[in-house]
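Grab a pencil and work through these exercises with the structure open. Try each task yourself before you read the solution.

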Amino acid sequence: MNRGAVTSVSMLLAALAFLSLSCSRGPRPGDVIKVKGKDMVYIPGGTVTLGDSTMGRLVVTLKPYLIDKYEVTNGEYREFAKVFGLPFSVAPAYDDLPVVNIPWETADAFAAWRGCRLPTEAEWEFAARGTDGRRYPWGNPADAEKANGDDGVDIMTVPDGSKDGFSGLAPVGMFPKYASPFGVEDMAGNVWEWVQDWYAPYPQNAVSDYAGPESGEQKVVRGGSYKTNFLNLRTFHRAYRVPGGAADDVGFRCASDYPPREPGALPSNVR
Ligand SMILES: [Ca+2]
């Protein structure tokens, strides 16, 4: 083999090695992966610190996972309701708004129908704040223009009713510049979001691999809503609701293990 041929073979081998490496590399943090046509964001695993000085700090080890880039919308829920014959009276004109008035059990069933699950509370918080302990998805200062919360603005004096441009629900994804460090949107405001966990106060000091209680009376909701002030929109803020209840400012988003599994049999808890 002459020198030119050797060089060509070497280059080919190097290119193949590069290609192989490129193909075997997993997703990067923040990559969007389509799962059944829905945008889900890849969140890396790791040991992360959650909470704050007032609520307690937790050290939790997470496996890599996916979480919806957006809150579940009326349009998505309409498909689900149709399949299972559930009543759903929201007009199609509002299909871009997040779905609300959904009890926890139904949100859980929707997630299973999509081949997903609700995020754990820890997964939700890590997706909202990343690794630097920030107070809001975009950073530390509160800013009424960066999320759909209640700004305390008088609707009579500000024509659009709010500094953020929305006096009620906003279509999902209206604040892309103020997404979380991973690019997950509406993690502050618009609607509270159901998560998997039962509520219980955190322990006082940092706890490794804390898992919430196995049962309880109330499920955690996260992120605040268009009705709540900015303290409720903090990434670590916890609130809770009875799981059978439904409210016009509580919705949800789905999460999945990574890699995602294919949707299985219909969930038994859909009635
Ligand atoms: Ca939200």
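**Exercise 1.** Are the faces of strand E5 (residues 65-68) covered or uncovered, and which residues sit on each side?

*Solution.* First, the ground rules. This is a predicted model, where local features need pLDDT of at least 70, side-chain atom pairs count only at pLDDT 80 or more, and totals for chains, interfaces and linings use all residues. Residues are numbered from 1 along each chain as its sequence is written.

Step 1: recall that side chains in a regular strand alternate between the two faces of the sheet.

Step 2: sort the residues of E5, with Tyr65 and Ile67 on one side and Leu66 and Asp68 on the other.

Step 3: check burial. A residue is buried if 20 or more other C-beta atoms, placed from the backbone, lie within 10 Å of its own. All four named residues pass, so both faces of E5 are covered.

**Exercise 2.** Which strands pair with E5?

*Solution.* Strands here are DSSP runs of at least two residues, numbered from the N terminus, and two of them pair if DSSP finds at least two bridges between them.

Step 1: strand E2 (residues 38-43) runs antiparallel to E5, joined by 4 bridges. Look for Tyr42 opposite Leu66.

Step 2: strand E11 (residues 255-257) is also antiparallel to E5, over 3 bridges. Here Ala255 is the bridge partner of Ile67.

Notes: Buried ≥ 20, exposed ≤ 12 C-beta atoms within 10 Å, placed from the backbone.
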